[in-house]
Amino acid sequence: MLAPSRGKVLERALSRTAAAVTLPAFLVPAFQSTSAPRRQFSSTSNRHSKLGRTPISIPPGVELTIGEPRVKKDPTTYLRIPKRTITVAGPLGKLDLEIPPYLTINHDEASRRAMLSIENTDVKQQMEMWGTTWAYLNRHIIGVSEGHTAILRLVGVGYRATVEERPRKAQYPGQKFVCLKLGFTHPVEEPVPFGMKASTPQPTRILLEGINREEVMSFAARIRKWRRPEPYKGKGIFVNDETIRLKQKKIK
């Protein structure tokens, strides 16, 4: 015959000794069932978004146009959601921003301010998109009025950068290329996206200018990937105020 399982043996032992087991007096209240509901871990109410409730100031020369809702297919959920398009026009150009249907923008033309609000503060997705949309709109306003910049520093022996034209490789008339010498057997050429400017005030400095911050930083990341900063000699391409902590060499 097969031996009984260990779990059944333990159940039998506990059932035999259950009547003889007594709890100490200080443990009795902990095992008593109470009908009162348990206290929540945190009783604080949901706070409004710190960025979302902050008014956005619109500088002179910048116009904000809120379009009518249009039904568009969401690329993530494949649902047809009505969205509105905000057009931000300024002296440097024009940018468009799509906002979800539950987000409302109160544009005061007299005081040149814009306030963002959502329908329900208890919904997590609306709270998340409240501050995110505020940040995107604020960056668009700064981009069309002042512009965004990114400075790349080339650190390494022989690292150089120039901005030149390549008519055979140009995708649009007047397109320029950032030519890099980074220690490879061939120079690296990165095409400058449309609507962006690139210059080299110094052989080891690259200045990128544009109205869309996302495109400026994406192009800076494409250049940086050719020589990422390494922690032993501190060589590589650094973006803006990027630094790296040096490591000691491993001595065998």
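**Entry 1: a strand pair**

I began at V155, which stands opposite G236 in strand β14. This is a predicted model, where local features need pLDDT of at least 70, side-chain atom pairs count only at pLDDT 80 or more, and totals for chains, interfaces and linings use all residues. Residues are numbered from 1 along each chain as its sequence is written, and side-chain values use heavy atoms, with hydrogens and water left out.

I noted how strands are defined: they are DSSP runs of E, at least two residues long, while helices are runs of H or I of at least four, and both are numbered from the N terminus. Two strands pair if DSSP finds at least two bridges between them.

β8 covers residues 148–155. I looked up its partners. With β14 (residues 236–239), β8 pairs in the antiparallel sense over 4 bridges. With β13 (residues 205–210), β8 is also antiparallel, joined by 6 bridges. There, T149 stands opposite E209.

Next I checked the faces of β8. H148, A150, L152 and L154 form the covered face. T149, I151, R153 and V155 form the uncovered one.

**Entry 2: N212**

I went on to the loop between β13 and α4 (213–224), where N212 sits. Is N212 buried or exposed? N212 counts as buried, because its relative accessibility is 17%; buried means under 20% relative accessible area, exposed over 50%, and partly exposed in between, using a 1.4 Å probe and protein chains only.

A polar atom of the N212 side chain lies 3.1 Å from the backbone nitrogen of E214. I then listed contacts (heavy atoms within 4.5 Å). Leaving out residues up to four places away in sequence, N212 touches L95 and H148. H148 belongs to the covered face of β8.

**Entry 3: positive phi**

Most residues other than glycine have a negative phi. I found R112 with a positive phi of about 55°, although it is not a glycine. R112 lies in the loop between β6 (103–108) and β7 (113–118). Its relative accessible area is 28%, so R112 is partly exposed.

N240 also has a positive phi, near 55°, and is not glycine. I located N240 in the segment after β14. At 30% relative accessibility, N240 is partly exposed.

**Entry 4: the whole chain**

I finished with totals. The chain has 4 helices and 14 strands. Of its 252 residues, 25% count as buried. I looked at contacts between residues at least 6 apart in sequence: 51% of them join residues at least 24 apart.

Conventions
A polar contact is a pair of N or O atoms within 3.5 Å; within protein, one must be able to donate a hydrogen and the other to accept it, and residues adjacent in sequence count only if both atoms are side-chain atoms.
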